[in-house]
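I opened this notebook to record what I looked up in one structure. The entries follow the order in which I consulted the model.

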Amino acid sequence: MSDRVRLFLASFLMLFVELVLIRWSGANVLYLSYFSNFVLLGSFLGIGLGFLRSGRGRDLFPYALVILVFFVVFVVAFPITIDRAGSDLIYFGNFRRSGLPVWVMLPVIFLAVAAVMGAIAQGVARLFERFEPLEAYRLDIMGSLAGIAAFTLLSFLGATPFVWGAVIGAVHLVLLRPGIRALQAVAAMGLLVLLAGQSFQAGTYWSPYYKITVETVTRPAFGTVHPIRVNGIPHQVIEAAAVRQVRGPIYFVPYERVRDNRLRNVLIVGAGSGSDVAIALREGAQHVDAVEIDPTIQRLGVDLHPDHPYQDPRVRAIIDDGRAFLERTDQKYDLILFALPDSLTLVSGQSSLRLESYLFTRQAVEAAKAHLAPGGAFGMYNFYRESWLVDRLAGTLQ
């Protein structure tokens, strides 16, 4: 294999592993939903240290898979879970948790990520030295972009961690040829076994955004419901509209605000698994545009919701970002709901921005108002535990 191909593949591996660490760690360590840049900063530190010691000491690149396996074992062995009583969802870190405390978990994750990325980066840096600087950077950028594109495509296709691990193991072993040792082969197999345990669990799905787990719970008063967690955080419950009317009558209040109860067109942003859609149909909506950004959660609603709202001919399911849909459509609605969007629950593993930075803005509310039919109504609701947030949103609406 030529050195150019080796540098391209090594750069591919470095960026691909970084994105996998961000996505997989965030899905399994609850704290990373609130300290979202921790893995990214650890990656930066590791890459920098790997390049600084490129020509010094022992070559650590052959041990990258071994370090990665130890990291996966640590996260799997000490899961962080939420103990929840009642039906409230969890926001702003207000929860009771089990597992290692944050002051232990986060430093170990930070150092482990830095070690994994440092070992890979040292291998990339040693390949850099074989080229002129501009040529090395060109190959590095091409490989890095290919790693980003590959991970993006796999995420879009709903690939599981088992697939990510297979890509990492295969590329790493190819780069080690012909000097593959038993230790590296065993580490590659161990990585696949560990990730297979997470990938093929019943009731576990990997969407383009989240690790989603679904339970089936039978309650004597309400029958069978399906609680959904995303990245370990209670997110929503699939339940019949009749049940929700008893347990949460607040969801029916917006329909009282529509003039003369005219519900020709309803728009629901954050339609999720379909409970709000089922309520709209129950209240007599003639047509519902149900916008949901996560295709996996929407499919779960198709398969599991007892009212089958997405199968109703009056419903048009749209997989899109809510604000983007509002900017593109010219439809007018008698009722527009921002219905429990997940922006208050989770943040992206790659940034510190929350989704309400885009959805709960003056411009987004203006766009919703522009799409209201005469006499129409707008509503937004969530589990607001903080009074300052309610005041901020109320001020925006005013």
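I took buried to mean under 20% relative accessible area, exposed over 50%, and partly exposed in between, with a 1.4 Å probe and protein chains only. By that criterion, buried residues make up 53% of the 398 residues in the protein.

I noted that this is a predicted model, in which local features need pLDDT of at least 70 and side-chain atom pairs count only at pLDDT 80 or more, while totals for chains, interfaces and linings use all residues. Residues are numbered from 1 along each chain as its sequence is written, and side-chain values use heavy atoms, with hydrogens and water left out.

Entry on secondary structure. I counted helices (H or I, at least four residues) and strands (E, at least two) as DSSP runs, numbered from the N terminus. The protein has 14 helices and 12 strands.

Entry on the cores. I defined a nonpolar core as a set of buried Ala, Val, Leu, Ile, Met, Phe, Trp, Tyr and Cys residues joined through side-chain atoms within 4.5 Å. The largest such core has 63 residues, and L21, L68, F71, W164 and I168 have the most contacts inside it. At least two residues of this core come from each of α1 (3–28), α2 (38–52), α3 (64–77), α4 (102–128), α5 (133–156), α6 (161–176) and α7 (182–199). The most, 15 residues, are given by α1. I then looked up I168: leaving aside residues up to four places away in sequence, I168 touches L13, F16, V17, V20, L65, L68 and L191, a contact being heavy atoms within 4.5 Å. Another core, of 25 residues, lies apart from the largest one and includes Y255, V258, I268 and A278.

Entry on α1. Of its 26 residues, 22 are buried, so α1 is largely enclosed by the rest of the structure.

Entry on salt bridges. I required a side-chain nitrogen of Lys or Arg within 4 Å of a carboxyl oxygen of Asp or Glu. The structure holds 13 salt bridges. R229 and E215 form one of them, at 3.7 Å from N to O. This pair links distant parts of the chain, with R229 in strand β6 (residues 223–230) and E215 in the loop between β4 (211–214) and β5 (217–219), 14 residues apart. E215 is partly exposed, at 37% relative accessible area.

For D312 and R314, the closest N and O atoms are 3.0 Å apart. D312 is buried at 17%, whereas R314 is partly exposed at 30%. Lastly, I found R4, E135 and R138 linked in a network of salt bridges.
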